[in-house]
Amino acid sequence: MAHSTPRVGFISLGCPKALVDSERILTQLRAEGYALSPSYAGADLVVINTCGFIDEAVEESLDAIGEALRENGRVIVTGCLGARAEQVRTAHPEVLAVTGPHAYEEVMAAVHAALPPPHDPFASLVPPQGIRLTPRHYAYLKISEGCSHRCTFCIIPSLRGDLVSRPVGEVMQEARNLVDAGVRELLVVAQDTSAYGVDVRYRPGFWEGRPMRTRLHDLAKALGELPAWVRLMYCYPYPHVDEVIPLMVEGHILPYLDMPLQHGSPRVLQAMRRPAATERVLDRIRRWREACPDLVLRSTFIVGFPGETEEEFEALLDFLREARLDRVGAFAYSPVEGAEANRLPDPVPGAVKQERLARFMEVQEEISAAKLRDKIGQRMVVLVDDVGEDRLLARGPGDAPEIDGRVIVDGAWEIDPGDFIEVEIIGAEAHDLHAAPTEAITE
Ligand code: SF4
């Protein structure tokens with residue numbers, strides 16, 4: 001049934017980077033006068049932004065497309081899985097259109113063809129900060145698209161292309177709009193945040209009349225002048241990441257670094273086509289911590305990569321024990337269709353992968369828990385995420401939303417999400433901290 005104002009349903013799957021793409025499409029839809037529908041029944045068509053990173057994500061995306069077809073019948077597919085149009089069309093031949101990741105214009109063209117925009121769109125309906133899917137007080141700020149690395153387990157470069165950095169002035173304007181709209185934490189994301197500007201040779205740009213290089217250090221410093229937390233996600237272990245540590249020491253950005261390291265054995269890292277000098281990485285971590293004792297390090301690892309021997313896995317565990325990272329995610333290697341690593345010899349049997357993953361988690365859980373226990377007695381400023389009847393949920397500088405732990409403050413408090421309060425840490429669990437406010441925050 002067509003409505004007087006055309007209505008689009010939107011489903012966003014996948015990682016924070018895909019979420020940013022969704023926000024852009026939603027912003028464009030609203031700019032053109034489309035209404036958004038929260039239900040299948042109320043929508044004239046449904047756009048699904050898919051993820052195709054690992055096989056489970058492909059399944060989830062195909063299931064979501066199937067459900068939308070059953071419930072609504074008119075579906076446009078975009079995003080990472082859209083880069084594999086054949087696979088989508090084979091599973092669901094009735095979809096209206098399939099477009100690839102960050103193909104905003106193509107998605108919009110497909111929407112226009114299936115559901116023409118209203119004649120008189122009120123562009124002013126769109127707030128300058130765009131439409132966002134994250135809670136009002138934090139937002140993801142995407143600084144580049146694509147990736148110029150060729151890690152053998154990853155197909156993102158073939159889906160999203162080589163690195164393309166956004167102009168620094170444009171990124172700063174978006175950040176300013178977000179902060180003006182109430183955002184208190186900016187999460188800087190990209191496939192590889194630290195590569196920002198490499199593609200344009202750190203070209204100079206402008207922000208508020210000031211020259212600024214297209215470089216992570218300069219961007220982070222300028223972002224740090226806005227009244228919001230700035231958190232760096234997805235940094236590749238480049239040497240120049242060292243440059244941002246002084247910005248953490250000086251309080252410009254949060255003392256938090258998310259740096260996927262993937263393994264601790266030089267041979268496995270070489271097979272992954274990643275930087276393999278693990279000793280040097282450990283040395284850098286040591287130096288960073290000396291300079292910035294509050295630094296919280298998050299990383300992700302893959303266990304059971306093809307050819308990984310027991311000895312190499314042990315080297316990974318030794319690396320973990322030595323690095324003592326604060327937050328760690330781990331995955332058993334899963335062959336992604338099209339990834340070069342699938343052709344490597346000696347795949348690790350599934351049961352061995354699972355057994356190694358369990359051993360890995362056991363070692364790391366102890367480290368993470370000990371690091372959280374060390375925080376007991378410390379005072380810290382936390383950002384309130386959610387206020388319940390008998391407790392509030394907040395996050396400290398070391399906790400990224402959705403992936404890290406939380407700071408739980410028991411009691412009923414007169415406070416709003418997005419407020420900052422100072423607390424004292426009084427307890428620690430495996431992932432979360434318990435805290436009490438240092439000053440009364442009720443009347
Ligand atoms: S750096 Fe990340 S996005 Fe780029 S190829 Fe490697 S895993 Fe993929």
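**Salt bridges, ligand and core**

Modeller: Let us begin with Arg286, which counts as partly exposed at 40% relative accessibility; please keep in mind throughout that this is a predicted model.

Biologist: Which residue meets Arg286 in a salt bridge?

Modeller: The partner is Glu322, and the two side chains meet with an N to O distance of 3.6 Å.

Biologist: How many salt bridges turn up in the whole structure?

Modeller: A search of the whole structure gives 34 salt bridges. One of them joins the side chains of Glu225 and Arg210, at 3.5 Å from N to O. That pair links distant parts of the chain, with Glu225 in the loop between helix 7 (216-223) and strand 12 (229-232) and Arg210 in strand 11 (residues 210-213), 15 residues apart. Glu225 is partly exposed at 48% relative accessible area, and Arg210 is also partly exposed, at 35%.

Biologist: What about Arg166, buried or exposed?

Modeller: Arg166 is buried, with a relative accessible area of 9%, and its side chain meets that of Glu174 in a salt bridge of 2.7 Å, N to O. Glu174 itself is partly exposed, at 22%.

Biologist: Switching topic, what surrounds the ligand?

Modeller: The residues around the ligand are Cys147, His149, Cys151, Phe153, Cys154, Ile156, Pro157, Gln191, Tyr236 and Arg274. Sorted by type, this shell has seven nonpolar residues, two polar ones and one charged one.

Biologist: Last one: how many residues does the largest nonpolar core have?

Modeller: The largest nonpolar core has 62 residues, and those with the most contacts inside it are Ile143, Leu219, Leu223, Leu257, Trp288, Phe301 and Phe360. As background, nonpolar side chains tend to be buried together in soluble globular proteins.

Biologist: What is Leu223 in contact with, leaving aside its neighbours within four places in sequence?

Modeller: With those neighbours left aside, Leu223 is in contact with Leu141, Met172, Ala175, Leu186, Val188 and Val230.

Conventions. Residues numbered from 1 in each chain as written. Predicted model: local features only at pLDDT ≥ 70, side-chain atom pairs only at ≥ 80, totals over all residues. Heavy atoms only, no water. Near = heavy atom within 4 Å. Nonpolar A, V, L, I, M, F, W, Y, C, P; charged D, E, K, R; others polar. Salt bridge = Lys/Arg side-chain N within 4 Å of Asp/Glu carboxyl O. Buried < 20%, exposed > 50% of the residue type's maximum accessible area, 1.4 Å probe, protein only. Helix = DSSP H or I, 4+ residues; strand = E, 2+ residues; numbered from the N terminus. Core = buried A, V, L, I, M, F, W, Y, C linked by side-chain atoms within 4.5 Å. Contact = heavy atoms within 4.5 Å.
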